[in-house]
Amino acid sequence: MEIRYEYARKRCEFGRPCDFSDFLAEVTADIPPDPSLADDFIPQDPVDFAVQEGPVMALHEVNTDRVQVSIQGVNHLEGGWPKHVDPKNSELTTRYREEVEREEVYTKTIQRLGSVRPCPDPPQSPPEPPRHTAMLSLQLMEHYIRQNNTIDIYEEYFEEEEEEEEEEEPPSYKTINGFANWPVLSPQRDPNQPKRMATRLSWHPDGNKSVAVAYCSMEFQDNIRKGMCIDSYIWDLEKPYSPETTLKPSSPVVTLEYNSKDWHHVLGGCYNGQIVYWDTRKGVLPVDMTPVEVSHRDPVYGASWLPSRTGTECFSGSTDGQVLWWDIRKLSQPSEKLILDITRQEQLKNALGAISLDFAPTLPTKFLVGTEQGIIISCNRDAKTPPEKIAYVFRSHIGAVYRVTRNPFFPKVFLSVGDWTARIWTEELMDSSSIMETKYHTPYLLDTCWSPIKPAVFFTSKSDGTVDIWDFLYHQKEPALTIKVSIEPLLSLCSQDNGRILGCSTRMGTVFMLEISSGFCTLRKNEKTLSSSMFEREARREKVLQDKHRERLVREQERARAQPEQQEDPHEVFKQSKADFIAHIKAEKRRR
């Protein structure tokens, strides 16, 4: 059965044709020169110069039209007929005439392109006959053509050596060229007024063709303003001026995430604590949502799908100090609950507020929680009792941990960002500090994400609107590249699975899509092995420092027991602390 589709469109529905016209040039402004400013002019030589980056290519064309040669011209050749050709034999004579024809046609064609001299003749040597020169030129041309047909001049014979040479050179703006024409795609902007924050991004699992953006104003009581829209959108990268799908929740959505098993399911965590999910095939309204009485009591800052057989399980975290597990087939009650009480007493009043979650499919029973108190909690869902589910505690940052994420190549290594720095941790050292960290920045760091292609590359966004690219294999004190994206703070970062496009959202609801150059998204030879060795080396170093610190504490305790107790005056201690603090502030001002 033949299936046919017919598309009809009225002529009036097409766009209006352009009507071009010519206008004469006119002077819009005339600024006469001011001689009094001549003394302030600073001459610069050269003023401007041009640089040609691309290779110079040449194009040659030859029209080899067949040249008619007279058969009688054979009789005028030098030397006459060859000995092996009998003039009375018509067959041999015809064959010889055809060979001479082809040779003369080819010779004349070569002579059109230009005479070719094989080598300079000595001054004393007599000149060669014209036929010998043409024949020698013809033989050289035939040799060059045969050589070109034999050797592939575009083949790369030393690819491995070139890769090794490239690995030795650290990535920089000159060698890598940073971002290519950022922003590559037109930015997606919040189509509503007043503008809201774009709090979270999530790429479509099928080829990253679209991105889901959660829009929510996190200012206190800003969401109850009249006229404030609560919709979130799914944007198609090829149509950046209007959203592809509108998601209409009951409360503004703080976080969104696609289901990697069922691409049509989108999970959302709301500002009022509810968990909702959409099926994009069934419209803009949520399919189901959790009741308010069993939901979180604070905004849901983290929600993630779990790799179950049915693909319907998920979990969420909120600043109310709870982590709840859900099944979208039955959202009336949470299937499990965990109170983030690091004292392991299960007291909600002592719980730490979760502001970020991370779950790696390679570790299906473990997950990380970043709290607003600056502590990272490593949890194990398979523990027998709720207190045992809190496995390890990492005291990481001074302020809130805005993002915690595991390395896609080494799951025991994870990255956190908070206050003014980003830190790298390992679960092999539970009671120690981070094994690596970035320098302290002046603006706040708000989000981070690993590169899905290179194990030692990660991105950070800051409150001044810049994106830093770090490659710890080459440089650990300074970022490999810093790009100013916006004047607004960048709240969220999310990289595509292939590492080519990096999405970043701003406080005013604008989403920029930045294309990353091949140097930052191409895995080089032995890079994974070198990254593993680097993390292991830093972990051993941190363990040695930790052991030495413990030994020093033991010695200080023994020394304190041996000395008689001395009562210190609290006023003197306060004065000394105040003087030290003021001296530190003055030193920092002088340094800046």
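These questions and answers cover the pockets, a cavity, some strands and the aromatic pairs of a predicted model.

Residues are numbered from 1 along each chain as its sequence is written.

Q: What makes a space a pocket, and how much space lies in the largest pocket?
A: On a 1 Å grid over the protein atoms alone, a pocket is an open set of points with protein on both sides within 12 Å along at least five of seven lines. A volume is the space filled by probe spheres set on the points, which are joined across faces, edges and corners. By that count, about 1400 Å³ of space lies in the largest pocket.

Q: What makes a residue part of the lining, and which residues are the closest to the centre of the largest pocket?
A: A lining residue has an atom within 4 Å of a point. For the largest pocket, 47 residues do so, and Glu257, Asp358, Phe359, Pro361 and Asp497 are the closest to its centre.

Q: Which strands each supply at least two residues of this lining?
A: Strands are DSSP runs (E, at least two residues), and helices are runs too (H or I, at least four), both numbered from the N terminus. Strand 1 (197–203), strand 5 (253–258), strand 9 (300–305), strand 13 (354–359), strand 17 (401–406), strand 21 (445–450) and strand 25 (490–495) each reach that number.

Q: How many residues of each class are in the lining of the largest pocket?
A: Ala, Val, Leu, Ile, Met, Phe, Trp, Tyr, Cys and Pro count as nonpolar; Asp, Glu, Lys and Arg count as charged; the others, Gly among them, count as polar. The lining has 23 nonpolar, 17 polar and 7 charged residues.

Q: What is known of the second largest pocket?
A: About 510 Å³ of space lies there. It is lined by 16 residues, and Thr199, Met218, Tyr301, Tyr402 and Leu491 are the closest to its centre. Strand 1 gives the largest share of this lining, 3 residues. By class, the lining has 8 nonpolar, 3 polar and 5 charged residues.

Q: What makes a space a cavity, and what is the volume of the largest cavity?
A: A cavity is a set of points where a 1.4 Å probe fits but cannot get out. The structure holds 1 cavity of 30 Å³ or more. The largest cavity has a volume of about 40 Å³. Its lining is Leu306, Phe315, Trp325, Phe359, Pro364, Thr365, Lys366, Phe367 and Arg381. Ring pairs link Phe315, Trp325, Phe359 and Phe367 into a cluster.

Q: How do you know that strand 21 and strand 22 pair?
A: Two strands pair if DSSP finds at least two bridges between them. Strand 21 and strand 22 have 5 bridges, in the antiparallel sense, so they pair. A hairpin of 6 residues connects the two strands.

Q: What links strand 22 to strand 23 (residues 466–471)?
A: They pair in the antiparallel sense over 5 bridges. Phe458 has Trp470 in strand 23 as its bridge partner. The two strands form a hairpin with 3 residues between them, and Gly465 in the turn has a positive phi of about 85 degrees.

Q: Why is the pair of Phe410 and Phe535 called edge-to-face?
A: Rings of Phe, Tyr and Trp (its six-membered ring) pair if their centres lie within 6.5 Å; planes under 30 degrees apart count as stacked, over 60 as edge-to-face and the rest as tilted. The centres of Phe410 and Phe535 are 5.8 Å apart and the planes stand at 80 degrees, so this pair is edge-to-face. Phe410 lies in the loop between strand 17 and strand 18 (413–418), and Phe535 in helix 6 (residues 527–562), 125 residues apart. Both are buried.

Q: How do you know that Trp450 and Phe458 are buried?
A: Trp450 has a relative accessible area of 6%, so it is buried. Phe458 is buried too, because its value is 0%. These two rings form an edge-to-face pair, 5.7 Å centre to centre with 70 degrees between the planes.

How values were computed:
Predicted model: local features only at pLDDT ≥ 70, side-chain atom pairs only at ≥ 80, totals over all residues. Heavy atoms only, no water. Buried < 20%, exposed > 50% of the residue type's maximum accessible area, 1.4 Å probe, protein only.
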